[in-house]
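My notes follow the structure.

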Amino acid sequence: MTPTQPTPEEARRGFVATVGAFIAWGLFPLYWRELQMVAPLQITAHRILWCTVFVVGFLMWKQGFGWLRATLSRPRAAPLLLASSLLISVNWVLYIWAVNAGHVVESALGYFINPLVNVLLGVAVLGERLNLRQWVSVALAAFGVAWLTWKLGRLPWIALALAFSFGTYGLIRKIVSVESVPGLGVESLIMFVPALGYLVFCEAMGTGGFGHVGRYEDLLMILAGVVTAMPLIWFAYGARRIPLSLVGIIQYIGPTLQLLTGVFLFGEPFSEVQLIGFGCIWGALALYALDGLWRIRMRGYG
């Protein structure tokens with residue numbers, strides 16, 4: 001056994017951690033809906049503020065200032081992490097707004113589309129090439145989006161904006177090549193002062209939510225930092241210990257739980273038209289996943 005190969009116990013823990021991360025992300029709508037009386041931009045500002053406190057505190061406890069020097073020493077780290085911090089902030093604001101405005105189902109669609117957006121970004125930006133099966137899966141997903149646009153009379157802009165903002169965020173993080181948690185720490189530090197300034201401004205204008213809505217809501221806003229960071233820490237731990245192909249399958253737990261939450265807990269409509277559109281996208285994802293598994297087996301890893 002090579003030193004980098006995880007033991008069976010480490011692989012088991014990695015699997016549990018990865019599943020836990022996607023379950024947590026899938027249940028996020030339940031958390032943000034509890035803060036429905038607070039403006040989405042304020043929720044996001046608190047999320048950034050307390051995430052900075054938690055993540056930077058965690059990193060300082062584990063590594064001192066070494067994590068910050070190591071992260072920023074990577075080529076182009078500072079400007080790329082500035083861009084990624086802006087993108088993830090936009091993604092967070094839009095997602096929280098969508099959840100509390102009754103668009104959980106469309107948000108779930110965005111995260112079902114996201115893996116295929118990653119494929120397109122890989123082709124457009126990184127010069128990656130797709131085989132015929134992969135192009136068919138992308139075309140099938142595009143047909144699903146076109147079907148929803150035609151039948152519902154509008155572009156599913158929430159889903160597309162979430163998918164492309166998070167996809168572009170992932171692309172930047174791939175290019176900058178820093179560890180997940182230290183990267184989040186730097187992103188949080190970048191947005192800390194603007195977030196704090198915005199919250200102070202809201203308080204001065206008499207529109208602040210913290211301390212004025214309820215102790216329960218105040219606690220949820222504080223814990224938003226932990227809720228944001230812990231699934232990422234679990235994911236970073238788990239993804240290193242299980243095969244990437246397994247991570248690719250597990251990731252659909254998140255949007256599936258979001259979809260079920262929207263339909264069965266929040267009572268959002270899910271019509272036959274949506275079923276056909278989602279079905280095309282699910283079929284595209286299944287085809288892409290099967291192609292990936294087939295290529296892994298052909299290379300002798302299966």
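Is R13 buried, exposed or partly exposed? I looked up its relative accessibility, which is 48%, so R13 counts as partly exposed. I note here that the model is a predicted one.

**Salt bridges**

I counted salt bridges and got four.

I began with E9 and R13. Their closest N and O atoms are 3.1 Å apart, and the two form a salt bridge. I placed both residues in helix α1, which covers residues 8-26; they are four residues apart, about one turn of the helix. An α-helix has 3.6 residues a turn, so residues three or four places apart point the same way. E9 has a relative accessibility of 36% and therefore counts as partly exposed. I also found R12 here: E9, R12 and R13 are linked in a network of salt bridges.

Next I looked up E106, which forms a salt bridge with R154; the closest N and O atoms are 2.6 Å apart. Which side of the cut-off does E106 fall on, buried or exposed? Its relative accessible area is 9%, and since buried means under 20%, E106 is buried. R154 is partly exposed, at 37%.

Then I took R173 and E187. They form a salt bridge, with the closest N and O atoms 3.2 Å apart. R173 lies in helix α8 and E187 in helix α9 (residues 180-205), so the pair ties together parts that are 14 residues apart in sequence. I checked the accessibility of both partners. R173, at 12%, counts as buried, and E187, at 2%, counts as buried too.

**Helix α6**

How many of its residues are buried? I read 17 of 23, so α6 is largely enclosed by the rest of the structure.

I then looked up its span. From first C-alpha to last, α6 reaches 32 Å, close to the 33 Å expected at 1.5 Å a residue. Where does α6 bend? The bend is at N114 and amounts to about 40°. I noted that a proline, P115, follows within four residues. Last, I checked what comes just after α6: G127 takes a positive phi of about 70° there.

Terms used: Residues are numbered from 1 along each chain as its sequence is written. This is a predicted model: local features need pLDDT of at least 70, side-chain atom pairs count only at pLDDT 80 or more; totals for chains, interfaces and linings use all residues. Side-chain values use heavy atoms; hydrogens and water are left out. A salt bridge is a side-chain nitrogen of Lys or Arg within 4 Å of a carboxyl oxygen of Asp or Glu. Helices (H or I, at least four residues) and strands (E, at least two) are DSSP runs, numbered from the N terminus. Buried means under 20% relative accessible area, exposed over 50%, partly exposed in between (1.4 Å probe, protein chains only). The expected span of a helix is 1.5 Å times one less than its number of residues. The bend at a residue is the angle between axes fitted to the seven residues ending there and the seven starting there.
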